[in-house]
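We will look at sheets, a helix and charged pairs in turn.

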Amino acid sequence: MLERLEEYLREMTSDGIALAFSGGVDSTLLLAVLSRLFRQKNFPLAVLTMRTILQDKEEMDEAGELAAKFGAEQKFFTFNPFSLEEVRHNRVDRCYHCKKAIFTQFRNYAEANGLKYLLDGTNADDLKVYRPGRKALKELGVISPLAELEIDKAAIRQMSAELGLPTASKPAVPCLATRFEYNTLLDDNAICRVASGEEIIKKMFPAVKDIRLRVHGGLARLEISADHLAEVAARGKEIAGELEKLGFDYVTLDLKGFRSGSFDKGLKQN
């Protein structure tokens, strides 16, 4: 499968490639393969990373370190997502409008620098769940090699391990707006409060990979990997105390455990 991916990407190299890079499992695999191709034969390649308040700061720092490790030419962009009403009010199609704004910047950069192909890390699993941002990618002609080749997350992790990538077992780090119910007004303070809350839990439980602090008004609902529920519950009073310091009125532990996209229940991809 790794050979298929390499050959797929090789065919684009002569016309130049811009890669949307977050430092996550998917885009890091693409960067690793592109870097290998680049060492074989120099070609126009740029790594594009967007910085916004909706991205985890640690994730962005790691993206910079990874790009440097691969010797890639990385360009950073900035964007205020709350300048868009659909994002500020956390509409159901928030992701479409946010992706459209971000990838329009990336597309403009690629065209201005003679890079024909703009790639992203959407994988085959992403095609099965609610991802309104995919519509924006399609409109802007973004290519998703992993999805095109029907490569899912499990295969991506396996290939990443084969290549010795540090991201092979890295948990997903989705946009921080996903921590809020739809049609909830978002602002910098709300996002920072959630980011701070999750950071506190991560430090308390470093072995727990999947942590989400979902917000329902003044209530914080903590989703944790199911096999760590008992461990976390045992320190419930301590956790509640720390999160209340951030301004949450109530703190609860979700007994169903971690569920990716739990606010997307009932929503379907168009």
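**Strands, a helix and charged pairs**

M50 has F77 in β3 as its bridge partner. That contact belongs to the pairing of β3 with strand β2 (residues 45-51), where the two run parallel and are joined by 5 bridges. Please keep in mind that this is a predicted model.

**The parallel sheet**

- Reading across the open sheet, the order is β3-β2-β1-β4, with 4 strands and parallel pairing.
- At the edges sit β3 (74-78) and β4 (117-119), each of which pairs on one side only.
- From one strand to the next, the twist averages 25 degrees.
- Helix α5 (residues 94-112) packs on this sheet and touches β1 (17-20), β2, β3 and β4. The direction of α5 makes about 155 degrees with that of β2.

**A closer look at α5**

- How well does the span of α5 agree with 1.5 Å a residue? Its 19 residues should span 27 Å, and the end C-alpha atoms lie 28 Å apart, which agrees.
- Buried residues in α5 include R94, Y96, C98, I102 and F103. F106, R107, Y109 and A110 are buried in α5 as well.
- The cover over the buried residues of α5 includes the strands β1, β2, β3 and β4, along with α4 (85-88) and α6 (133-139).
- After α5 comes G114, with a positive phi near 70 degrees.

- Strand β5 (residues 211-216) pairs with β6 in the antiparallel sense, over 6 bridges.
- On to the next partner: β6 and strand β7 (residues 250-253) pair in the parallel sense over 4 bridges, and L219 stands opposite Y250 in β7.
- Why is β6 (residues 219-224) described as largely enclosed by the rest of the structure? Because 5 of its 6 residues are buried.
- Strand β5 is also largely enclosed by the rest of the structure, because 5 of the 6 residues of β5 are buried.

**Salt bridges**

- How many salt bridges does the count come to? It comes to 20, with a side-chain nitrogen of Lys or Arg required to be within 4 Å of a carboxyl oxygen of Asp or Glu.
- K153 and D26 meet through their side chains in a salt bridge, at 2.9 Å from N to O. This pair links distant parts of the chain, 127 residues apart, with K153 in helix α8 (residues 153-162) and D26 in helix α2 (residues 25-40).
- Is D26 buried or exposed? D26 counts as buried at 12% relative accessibility, whereas K153 is partly exposed with a relative accessible area of 23%.
- K170 and E59 also form a salt bridge through their side chains, again with 2.9 Å from N to O. K170 lies in the loop between α8 and α9 (188-204) and E59 in helix α3 (residues 57-69), so the pair ties together parts that are 111 residues apart in sequence. Both K170 and E59 are buried.
- D254 and R259 form a salt bridge of 3.2 Å, N to O. Salt bridges that share partners join R214, R221, E223, D254 and R259 into one network.
- Within that pair, D254 counts as buried at 11% relative accessibility, while R259 is partly exposed with a relative accessible area of 28%.

Notes. Residues numbered from 1 in each chain as written. Predicted model: local features only at pLDDT ≥ 70, side-chain atom pairs only at ≥ 80, totals over all residues. Heavy atoms only, no water. Pairing = 2+ DSSP bridges. Axes fitted to C-alpha atoms, helices over the stretch in contact; angles between N-to-C directions. Contact = heavy atoms within 4.5 Å. Buried < 20%, exposed > 50% of the residue type's maximum accessible area, 1.4 Å probe, protein only. Expected span 1.5 Å × (residues − 1).
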